[in-house]
Amino acid sequence: VMSLAWLPLALWAWARALDRANFGWGLVAGLFAALMALGRDQVALLGLWTLVGYTVSRWLSPSRRAPLSVAPLLGGALAGAAIAAIPVLMSASFAAMSNRPQIDLAGAGRGSLHPASLLSFFAANLYGVHGPLAKFWGPPSPAWGPTDLYLARNMTALYQGALPALLVLSVPFRGVWRDPTARFATLGLVLATLYALGRYTPFYAAIFHVPGADLFRRPADATFLIGFFAALLAGASADRWIKAPPRAGR
C-alpha cells in the first residue's frame, strides 16, 4: 500500500516534467519514484513499469516529445539514483543469499487471481469477504474445490464503489478514448488485469521472463494497479460527462 501511495504523485510530477521538458520537475518525479522503489516489492516494480509505459506512450504520441525528454530523464535519473541506488543494491546482495530469487513460474502461479474474482469489481462482498472466514465461499475457498491457490481472501476483493464501476463501463460510450491519458489508463487496466490473473492467461508466463518479475510471487498483487488504473479511467469518464454539452430529450 505504501508503494502504491507514491505512484499518483510520481505520475503527476512526471507528466508535468514531460509537458514542460523541465529538469526540476524531473527531479521531483525521480524523488517520488525513488521513494516508491524503496518499497522493493512487486507493487513498486509494477509502479515503475507504469512510469516507463507512460513515457513510451508520450513518445509515440503525435507530438513526438522524445527529444524533449532528455532534461526530465536526467533529473529523474539523478534523484532516483541518489535515493534508491544504495538500498536497492543492498537488497540485491541479500537476495543473492536467499531462497526467494528461486521462485519458479509454477510457484508464483499459486498466487494468481481467480477469474471469478473479477465479478467482485461490480458487487461488494460478493463472496462473503467481509464476514466470518467460515462463510467465505469465493475462490480459493473449499467451495471451489482444489484450486491450488494461496491467497488471503481480501486479495480477491476489487470493489471500489458503484459509481466508479459505472463510470468505467461508460468509457466506450462517451468518447473518452479521445483523451490520450484515458487510452493509456485503459491499456494499463487491461495489462494489470492480465498480470493479476497469473497462470490463467499466457500473459504472465511471458512477462515472468522480464528481469525483475521472477523475483516475486503472487501476481495478484497487480490488483493494486487495477484499482489505480480504474480510478484514472473513472476520473476521465466523469470529466467527459461534466464537460459534454447537454443533449436534447431525456
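How many aromatic pairs does the structure hold? The structure holds 11 of them, where rings of Phe, Tyr and Trp (its six-membered ring) pair if their centres lie within 6.5 Å, and planes under 30 degrees apart count as stacked, over 60 as edge-to-face and the rest as tilted.

This is a predicted model, in which local features need pLDDT of at least 70 and side-chain atom pairs count only at pLDDT 80 or more, while totals for chains, interfaces and linings use all residues. Residues are numbered from 1 along each chain as its sequence is written, and side-chain values use heavy atoms, with hydrogens and water left out.

Select Trp-6 and Phe-32, a stacked pair with 6.0 Å centre to centre and 25° between the planes. Trp-6 lies in helix 1 and Phe-32 in helix 2 (residues 23-37), so the pair ties together parts that are 26 residues apart in sequence; helices here are DSSP runs (H or I, at least four residues), numbered from the N terminus.

Next, select Trp-12 and Trp-25, whose ring centres are 5.2 Å apart with planes at 85°, so this pair is edge-to-face. Trp-12 belongs to helix 1 and Trp-25 to helix 2, so the pair ties together parts that are 13 residues apart in sequence.

Now show helix 1 (residues 2-20) with helix 9 (residues 223-243), whose axes, lines fitted to C-alpha atoms over the stretch in contact, come within 11 Å and cross at roughly 35°. Leu-4, Leu-7, Pro-8 and Leu-11 in helix 1 meet Phe-224, Leu-225, Phe-228 and Leu-232 in helix 9, contact meaning heavy atoms within 4.5 Å.

Finally, select Trp-49, Tyr-195, Tyr-204 and Phe-208, which form one aromatic cluster.

Notes:
Axes fitted to C-alpha atoms, helices over the stretch in contact; angles between N-to-C directions. Helix = DSSP H or I, 4+ residues; strand = E, 2+ residues; numbered from the N terminus.
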